[in-house]
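Hi,

Here is the structure I promised to pass on. Have a look at it first, and my notes follow below.

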Amino acid sequence: MTESALDKTVSAVRSAFRGYYFKPGMIETPEKIEQREFGYTQFGQQGMTRHLSFKNIKELIGTIMKEIPSDIYSSNAYYRFPTYPMQEKQWLGADLIFDIDGKDLHLPCVPSHTYLACAICGHTSSPAPEEKQEYSCPACRGKKAANISIPCGKCIEGSKKEVKRLIEFLTGDLGMQQSDIHVYFSGNNGFHIHVTDDAYVPLDPQARSDLVGYLAGTGLMAESVGVRKNNSENQFFIKFPKSGLAYGWRRRIADKLRIDSSSIIKLTHIVEHKGGYTPFKVDLDKMARDMGARIDPQVTTDVHRVFRMPGTLNSKSGLAKIRCGDLDSFEPFADACLLGGTKVAVRVKTPVKLKLKNKSFNISKESAELPAYVAVYLICKGLAQVS
Ligand SMILES: [Zn+2]
Ligand SMILES: [Zn+2]
């Protein structure tokens, strides 16, 4: 992109973001705002401005309106001194947050809506019907390309399914109240789940990591469902735990194997059929992985991270991170698409299809005049520019 095209492109996106931030009531006021650290990134600049603090929402909105940042973040942590260097902030606790990212789910639909942008010349090609083994740029023969994915309905459904599975763990296994669990669309291709139950605020990274391990079903013991090891290698015997198989992972596995606390013979057959204790354990690990919550472990264990702020725009898409009322009926490409419709002339790098604000766009010409919310989405994805 030439320098002037880059300037014009950045300025078109910034102007659409400004329109959004100048509308009142878009940003959700963070709890205990004065104890949080804030940060933001600027259009066309590297790095994040961090360690900021605001006394109230008015101050924060004032800064956002002045700077029009590309992305705005707030800590999940509470600090005595949010603006001090990390070691001197005096950590007081942190909200528990989970991240479910569509791209981590490796859904089979992804290649059908993934555009490839050559790392050398920028040539962008439409999704191939099948995933190719090796990329070769049609323009320069370059071998490296960046994947640009426009999530489809199936991707969103897949992520929603994972959100529901996580909520089932949080309420069913951990006894959290539904009213303490807040689901947000991330603004791109996933969901953030914020927990406001005070019991979790003091947890250190180790305790959060143990929690993630439980939710993901890692290290589940065969003994917990009654399969115990004998002295020799693959020998085993069945003795169900005294507390039964009625709760949590034990119930999940028991349901899957269709056993209960009286199924000694049935479980013996199952384990024998697998080939003994060790192969059963391998199978159990796989079962647990399939049934566990698919969350990003690093996000949840980091107690000093800054997270995209609710109500702000995501510069990877121009969509907003917003709270989902009813998850089933929530439609990110309509409900989180909140930019205006002023026409913007863009050059599109490859023919592209997408649906925003319940309108379908099938753009096959190189030059197009598009509503700002479509133009910004394509620019943020790297599929268009202002010429
Ligand atoms: Zn190329
Ligand atoms: Zn998809």
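Six residues from domain 1 and six residues from domain 2 make up the contact (two residues are in contact if their C-beta atoms, placed from the backbone, lie within 7 Å).

Some housekeeping. This is a predicted model, where local features need pLDDT of at least 70 and side-chain atom pairs count only at pLDDT 80 or more, while totals for chains, interfaces and linings use all residues. Residues are numbered from 1 along each chain as its sequence is written, and chains are lettered from A and ligands numbered from 1 in the order in which they are written.

**Overall picture**

The protein chain has ten helices and 20 strands; these are DSSP runs numbered from the N terminus, helices being H or I with at least four residues and strands E with at least two. Its C-alpha atoms fill a box of roughly 75 × 55 × 35 Å along the principal axes. Of the 387 residues, 36% are buried (buried: 20 or more other C-beta atoms within 10 Å of the residue's own; exposed: 12 or fewer; partly exposed in between; C-beta atoms are placed from the backbone). Taking contacts between residues at least 6 apart in sequence, 66% join residues at least 24 apart.

**The cores**

The largest nonpolar core has 68 residues, and Leu166, Val346, Ala375, Val376, Leu378 and Ile379 have the most contacts inside it. By nonpolar core I mean a set of buried Ala, Val, Leu, Ile, Met, Phe, Trp, Tyr and Cys residues joined through C-beta atoms within 7 Å. Helix H10 (residues 372-381) gives the most to this core, nine residues, and at least three residues come from each of domain 1 and domain 2. There is also a second, separate core of 16 residues, including Val225, Ile259, Leu267 and Phe280.

Back in the largest one, what does Val346 touch? Leaving out residues up to four places away in sequence, Val346 touches Ala368, Leu370, Ala375, Leu378, Ile379, Ala384, Gln385 and Val386.

**Helix H3**

Just after H3, Gly175 takes a positive phi of about 70 degrees.

**An open sheet**

Four strands form an open antiparallel sheet in the order E2-E1-E3-E14, where two strands pair if DSSP finds at least two bridges between them. E2 (48-52) and E14 (306-308) are the edge strands, each pairing on one side only. E1 (residues 38-41) is joined to E3 by four bridges, with Tyr40 opposite Ile72. E3 (residues 71-75) pairs with E14 over three bridges, and Tyr73 has Arg308 as its bridge partner there. Both faces of E3 are covered: Asp71, Tyr73 and Ser75 on one side, Ile72 and Ser74 on the other, all buried.

Cheers

Key
Domain bounds come from an automatic or database domain assignment.
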